[in-house]
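This briefing is meant for someone meeting the structure for the first time. Please look over the sequence and the model before reading the points below.

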Amino acid sequence: MAVVRERRQLNLRLPLPEPSERRPRFPLPLPPNATTVATNNTGAINISCNDLEKLQVLGHGNGGTVYKVRHKRTSEIYALKVVHADTDDAIVRRQVFREMEILRHTDSPYIVHCHGIYEKPSGDIGILMEYMDLGTLDTLVQKEGTFSEAKLAHVAHQVLNGLNYLHNHKIIHRDIKPSNLLAKNGNEMEVKIADFGVSIIMRRTLDPCKSYVGTCAYMSPERFDPDAYGGNYNGYAADIWSLGLTLLELYLGYFPFLTPGQRPDWATLMCAICFGDPPSLPENASDEFRNFLECCLQKESTKRWTAAQLLSHPFVSKDPRSDR
């Protein structure tokens, strides 16, 4: 077996990864007044950029800067993602328009809500979204430490509902990871899926594997070698793999396929995902959690459970919200 693996590592030819997460080279200004392009979301509202006051930079999303903004009249807080016309990266521009299209056609409590889209003749683009005050799960685990199984069940229940909604609407996210899951405070922590820059609508194409996009570390084995790990790649199972890795990372506090603190290159990640042993859990992990991860992290894509099936898994039923 070791010889076979060694031979496969030498012969496997992979496309070079596409730089799908480039950041702008300079801070992007808040665009001036623009016409609001209404979304298909039921909660779309009419807000112009002149109504918004920029408060602070929240971070850098897919090809732009995300600002925390306040509506001057109502004092409501939103997040505004801005991509300036001077952004000369064609890949970034395509991803922004793809994200805009998907946000216009999604309406789920488990997907970050889009309140409006601004497109100026100059080329500036702004996407006004709900503000998630706890930030990303990546930030949250760094601040508060690793997640308990009960907290992970709560996260899994919400993200699976979001993925089930997307998959039922023929949308594959293709970049599920802790930094693309946002959290909001409340009676219970709300978790929602964000950042659809590399997502794909399956009714528009038959082969999502032609475009090598997403974050390498969270890609499933069939994204690297479709023939060896599933044959008929459909993309939905790849989202489930990424979710399994995400939950395991939140539980362990480090990326599961590597040792803590290791900063690998792309080839190291590929070999770990395709040829490495399954990530191990501490002895005190419950049988339900172990089995849930096994259902997500099957290397053969056809053996992974779907989002709908995982919603009925005993591990997810630990979340009180699963009965609602």
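Two residues are said to be in contact, or to touch, when heavy atoms of one lie within 4.5 Å of heavy atoms of the other. The model described here is a predicted one, and its protein chain carries nine helices and eleven strands. Of the 324 residues in that chain, buried residues make up 52%.

**Overall build**

- Among the contacts in the protein chain with a separation of 6 or more, 68% are accounted for by residues 24 or more positions apart.
- The protein chain has an accessible surface of about 15,300 Å², and carbon and sulfur atoms hold 48% of that surface.

**Nonpolar cores**

- The largest nonpolar core has 73 residues, and within this core Leu137, Leu163, Ile193 and Phe292 touch the most other members.
- At least three residues of this core come from each of domain 1 (49–130) and domain 2 (135–317).
- Phe292, when its neighbours within four places in sequence are left aside, is in contact with Ala156, Leu160, Leu247, Leu310, His313, Phe315 and Val316.
- Another core, of ten residues, lies apart from the largest one, and its members include Cys49, Tyr67, Leu80 and Tyr118.

**Cysteines**

- A disulfide is a covalent bond between the sulfur atoms of two cysteines, and a search of the whole structure finds zero disulfides.
- Cys216 counts as buried, with 13% relative accessibility.
- Cys296 takes part in no disulfide either, since the nearest cysteine sulfur, which belongs to Cys295, is 6.8 Å away, and a disulfide requires two cysteine sulfur atoms within 2.5 Å.
- Cys296 is buried, its relative accessible area being 0%.
- Cys271 has its place in helix 7 (residues 266–275), where a relative accessible area of 24% makes this cysteine partly exposed.
- Along the sequence Cys271 and Phe224 are 47 residues apart, while in space the distance from C-alpha to C-alpha is 9.7 Å.

**A position listed in UniProt**

- An unreviewed UniProt entry lists Lys81 under "binding site".
- In the model, Lys81 belongs to strand 4 (residues 77–83), and with a relative accessible area of 4% this lysine is buried.

**Buried residues in loops**

- Ser220 sits in the loop between strand 11 (200–201) and helix 5 (221–224), and it counts as buried at 1% relative accessibility.
- Not counting residues up to four places away in sequence, Ser220 touches Ala238, Trp241, Ile273 and Arg304.
- Ser220 and Gly235 are separated by 15 residues in sequence, and their C-alpha atoms are 9.5 Å apart in space.
- Asn180 is located in the loop between strand 8 (171–172) and strand 9 (181–184), and its relative accessibility of 5% places Asn180 among the residues that count as buried.
- Which residues is Asn180 in contact with, leaving aside its neighbours within four places in sequence? They are His173, Asp175, Lys192, Ile193, Ala194 and Asp195.

**Backbone angles and a proline loop**

- Most residues other than glycine have a negative phi.
- Lys170 is not a glycine, yet has a positive phi of about 65 degrees; this lysine is found in the loop between helix 4 (149–168) and strand 8, and it counts as partly exposed at 44% relative accessibility.
- Asp195, although not a glycine, also has a positive phi of about 65 degrees, and its place is in the loop between strand 10 (190–193) and strand 11.
- Pro226 lies in the loop between helix 5 and helix 6 (236–252), and with a relative accessibility of 24% this proline counts as partly exposed.

How values were computed
Residues numbered from 1 in each chain as written. Predicted model: local features only at pLDDT ≥ 70, side-chain atom pairs only at ≥ 80, totals over all residues. Heavy atoms only, no water. Core = buried A, V, L, I, M, F, W, Y, C linked by side-chain atoms within 4.5 Å. Buried < 20%, exposed > 50% of the residue type's maximum accessible area, 1.4 Å probe, protein only. Domains from an automatic or database assignment. Helix = DSSP H or I, 4+ residues; strand = E, 2+ residues; numbered from the N terminus. Areas by Shrake-Rupley, 256 points an atom, 1.4 Å probe, with all protein chains shown as cover. UniProt positions renumbered as here; feature names shortened; annotations may be inferred.
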